Amino acid sequence: MYLQGQTFSKENFTRADLALEYDECTFVDCSFNALDLSNISFVECSFENCDLSNTTTQSASFKDVHFTRCKL
């Protein structure tokens, strides 16, 4: 699944299926805590006040991504 130009606010992704590629998406106050992000691509995305602690990022791709006030 491929998602482009979407904004996600206060989402708990630890309980959701993730797309394989996010392009120009914005994540605000979202939780990815302890999630396996392996093989997922984030292109030109922004993360604001998100929790990405304890994530697995083996073979994940972060291209031109911005993190603001995030827990990594």
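Mentor: A residue is called buried when its relative accessible area is under 20%. The model before us is predicted.

Trainee: Why is Cys25 called buried?

Mentor: Cys25 has a relative accessible area of 1%. The cut-off is under 20%, and therefore Cys25 counts as buried. Cys25 lies in the loop between β3 (21–23) and β4 (26–28).

Trainee: Which residues is Cys25 in contact with, leaving aside its neighbours within four places in sequence?

Mentor: The contacts of Cys25 include Leu3, Phe8, Glu44, Cys45 and Ser46.

Trainee: Why is Ser46 called buried?

Mentor: The relative accessible area of Ser46 is 17%. Since the term applies under 20%, Ser46 is therefore buried. Ser46 belongs to strand β6 (residues 46–48). Beyond four places in sequence, Ser46 is in contact with Cys25, Thr26, Phe27 and His66.

Trainee: What makes β6 and β8 a pair?

Mentor: Pairing requires at least two bridges between the strands. There are 3 bridges between β6 and β8, in the parallel sense, and therefore the two strands pair. The bridge partner of Ser46 in β8 is His66.

Trainee: What is the order of the strands in the open sheet?

Mentor: The order is β2-β4-β6-β8, with parallel pairing. Why are β2 (7–9) and β8 (66–68) called edge strands? Each of them pairs on one side only.

Trainee: Which residues have the most contacts inside the largest nonpolar core?

Mentor: Tyr22, Phe27, Phe32, Phe42 and Phe47 have the most contacts within that core of 19 residues. In soluble globular proteins, nonpolar side chains tend to be buried together.

Key:
Residues are numbered from 1 along each chain as its sequence is written. This is a predicted model: local features need pLDDT of at least 70, side-chain atom pairs count only at pLDDT 80 or more; totals for chains, interfaces and linings use all residues. Side-chain values use heavy atoms; hydrogens and water are left out. Helices (H or I, at least four residues) and strands (E, at least two) are DSSP runs, numbered from the N terminus. Buried means under 20% relative accessible area, exposed over 50%, partly exposed in between (1.4 Å probe, protein chains only). Contact means heavy atoms within 4.5 Å. A nonpolar core is a set of buried Ala, Val, Leu, Ile, Met, Phe, Trp, Tyr and Cys residues joined through side-chain atoms within 4.5 Å.
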